[in-house]
Amino acid sequence: MHRDLLDALRCPMDHEESWLVAMVHRASGAQLLDVDLACPVCQREFAVREGVADFRLGAPYDSRATAATAPDPLRLAALLGLSPDAGPMSRPVLLAGAHAAASGALQMLVEFPQVLANPEVTSADDVRVPLSVLRVGNRLPLGVATLHAAALDAAHGQPEFVTSVVRAVRAGGRLLAPPSLQVPDGVREIARDEHEWVGEVVAQGHGLVELRRQSAPSYN
Ligand SMILES: [Zn+2]
């Protein structure tokens, strides 16, 4: 997990949005390899081990629904509105499930940081952009408007998960999903074909409770 993603992490449990307290045990450059994470609200603990952050809570995603073919990176960049002019300081793009297979090719096209959720393969070879790998359950553990755009596959279409992704995408950011997913509240459909639809996030959820933000200890 890239160090820059720490600030965007939120507890995925069912309570007001809260930052996570992080204790970094091992890092390699900007990549955090071994980290303990704790929620100051519910005291639940999560961990980064060998660079992969694990937020699964029971219900694993349905890998059987994952598409067999890797997505076309050019098409993905266009649909998600990933301009080649944007730099590595941009908000990251979320590639969930099967879309994570395009990670390497997408890095060759655009410098957006990437967050891979439940990728089938977690090869970290030749990484050109800030890259984070998350194992996630029912909710994406990221704060409001922390993502530039997001691509979901059919395995990540549970309504609760989709809602958490919509919250995490900035207003005006793109959401790409297969036709089996309903266009969720807060998203305006832009285009659709037999394989997928793309929409724009038009509404933002509620953000971090300021009281909690102040009560959470510093990461540093
Ligand atoms: Zn919590």
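Reply: A nonpolar core is a set of buried Ala, Val, Leu, Ile, Met, Phe, Trp, Tyr and Cys residues joined through side-chain atoms within 4.5 Å. Buried means under 20% relative accessible area, exposed over 50%, partly exposed in between (1.4 Å probe, protein chains only). This is a predicted model: local features need pLDDT of at least 70, side-chain atom pairs 80 or more, while totals for chains, interfaces and linings use all residues. Numbering runs from 1 along each chain as its sequence is written, and side-chain values use heavy atoms, without hydrogens or water.

Me: Which residues touch the most other members of the largest nonpolar core?

Reply: Met 1, Leu 9, Leu 37, Leu 94, Leu 140, Leu 152 and Val 165, out of 40 residues. Helix H3 (residues 159–168; a DSSP run of at least four residues) gives the largest share, 5 residues. Another core, of 20 residues, lies apart and includes Leu 82 and Leu 176.

Me: What makes the arrangement around the zinc ion tetrahedral?

Reply: Donors are N, O and S atoms within 2.8 Å of the metal (3.2 Å for Na, K and Ca). Cys 11 (SG), His 15 (NE2), Cys 39 (SG) and Cys 42 (SG) lie 2.0 to 2.3 Å from the zinc ion, so they qualify. Four donors count as tetrahedral if all angles lie between 85 and 135 degrees. Here the angles are 102 to 114 degrees, so the arrangement is tetrahedral.

Me: Why is His 15 called partly exposed?

Reply: Its relative accessible area is 22%, between the 20% and 50% limits, so His 15 is partly exposed. Cys 42, at 29%, therefore counts as partly exposed too.

Methods. Four donors count as tetrahedral if all angles lie between 85 and 135 degrees; four count as square planar and six as octahedral if opposite donors are over 155 degrees apart and all others between 65 and 115; anything else is irregular. Helices (H or I, at least four residues) and strands (E, at least two) are DSSP runs, numbered from the N terminus.
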